[in-house]
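Please look over the model shown below. The numbered points that follow are meant to be read beside it.

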Amino acid sequence: MNYIGECIAIMVACSWTCTALFFEYAGNRIGALQVNFIRLIFGGLMLGGLLWFSSGHLLPQGADTQTWMWMSLSGLVGFVFGDLCLLYSYTLITSRFSQLIMTMAPPFAAVFGFMILDEQTGPMGLLGMSITLTGIAISVLKRSNRTKGSAGLALHLPLRGVLLALGGALGQGLGIVLSKKGMLCYEQSLGTPEFFGHYIPFAATQMRIIAGTIGFALIILLTGRSPVLARVVRDGKSMWATFGGAFFGPFLGVSLSLTAVRYTETGIASTIMATVPILILIPYVLIYKQRPKWIEVLGAILCVLGVACFFIR
């Protein structure tokens with residue numbers, strides 16, 4: 001059996017683990033909004049170079065109006081709304097917990113996949129969502145003594161950070177479904193020749209980045225952040241971290257994620273890509289010398305198992 005899509009999804013999970021670490025560092029130094037805008041500039045330039053090398057054009061070719069509409073919506077939902085929420089959550093609850101909550105993205109993708117693409121989920125869906133929610137809950141909640149002699153559960157992370165991470169999961173789940181819809185339109189527009197079968201995911205990502213860059217540029221202009229942006233680009237460490245995150249995120253990770261959903265179902269690809277909460281524990285132990293509690297490890301494993309269960313047919 002051909003598992004090309006599944007293998008690519010594993011590469012995406014590793015890539016997004018690197019992205020989370022780079023962007024957490026840069027976001028803490030110069031702010032999430034600035035990081036989001038700059039990393040899309042970097043990602044757009046890298047993708048432009050790749051498209052030029054493969055097709056002789058810096059911008060996507062052969063896309064009709066409908067394709068641009070769906071990919072632009074995907075860029076605004078996934079990059080502007082979803083990733084802005086996610087990067088802000090990094091600065092509040094760290095990328096380790098944010099990526100744990102991001103395991104809600106595949107259930108969101110399944111729901112929107114049913115609504116937009118008529119993709120059917122299996123009967124294990126509700127069970128899978130319950131397991132994922134349980135994994136998140138035991139990781140972010142702790143026992144607390146509310147009054148003398150009584151105990152309860154309390155959130156040990158800032159509520160704002162948790163809500164922002166949920167917003168990131170919603171944006172990613174809906175964004176990838178909108179992307180698949182856009183790529184289906186793109187294939188029809190191009191007539192699906194063999195060359196463009198490999199070209200489409202990268203060109204589609206470029207369309208998303210263009211829409212996302214325009215969205216962030218408007219936010220920066222309307223909120224008067226232009227002077228701040230001009231100042232932070234002189235921070236060399238932040239720029240290198242943002243460049244690294246852009247390479248593993250908008251350039252490599254997102255493009256490969258779109259490739260994965262071309263070769264397998266959205267839910268299956270999203271499930272594999274949801275293993276980031278487990279993978280990210282490794283650099284936190286090796287680099288930051290932070291040993292996660294056993295309950296947090298269990299929560300991460302439950303989240304991934306729940307996501308996998310969600311897509312069992």
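1. R29 is partly exposed, with a relative accessible area of 41% (partly exposed lies between buried, under 20%, and exposed, over 50%, with a 1.4 Å probe and protein chains only). The side chain of R29 meets that of D235 in a salt bridge, 3.0 Å from N to O (a side-chain nitrogen of Lys or Arg within 4 Å of a carboxyl oxygen of Asp or Glu). This pair links distant parts of the chain, 206 residues apart: R29 lies in helix α1 (residues 4-30), and D235 in the loop between α8 (226-232) and α9 (236-263). Helices here are DSSP runs of H or I with at least four residues, numbered from the N terminus.

2. The model is predicted: local features need pLDDT of at least 70 and side-chain atom pairs pLDDT 80 or more, while totals for chains, interfaces and linings use all residues. Residues are numbered from 1 along each chain as its sequence is written, and side-chain values use heavy atoms, without hydrogens and water.

3. The structure holds two salt bridges. In one of them, D83 and R39 meet through their side chains at 2.8 Å, N to O. D83 belongs to helix α3 (residues 65-101) and R39 to helix α2 (residues 32-55), 44 residues apart. Both D83 and R39 are buried.

4. R39 also takes part in the contact between α1 and α2 (heavy atoms within 4.5 Å). In this contact, F23, A26, G27 and I30 of α1 meet A32, Q34, V35, I38 and R39 of α2.

Technical notes
Helices (H or I, at least four residues) and strands (E, at least two) are DSSP runs, numbered from the N terminus.
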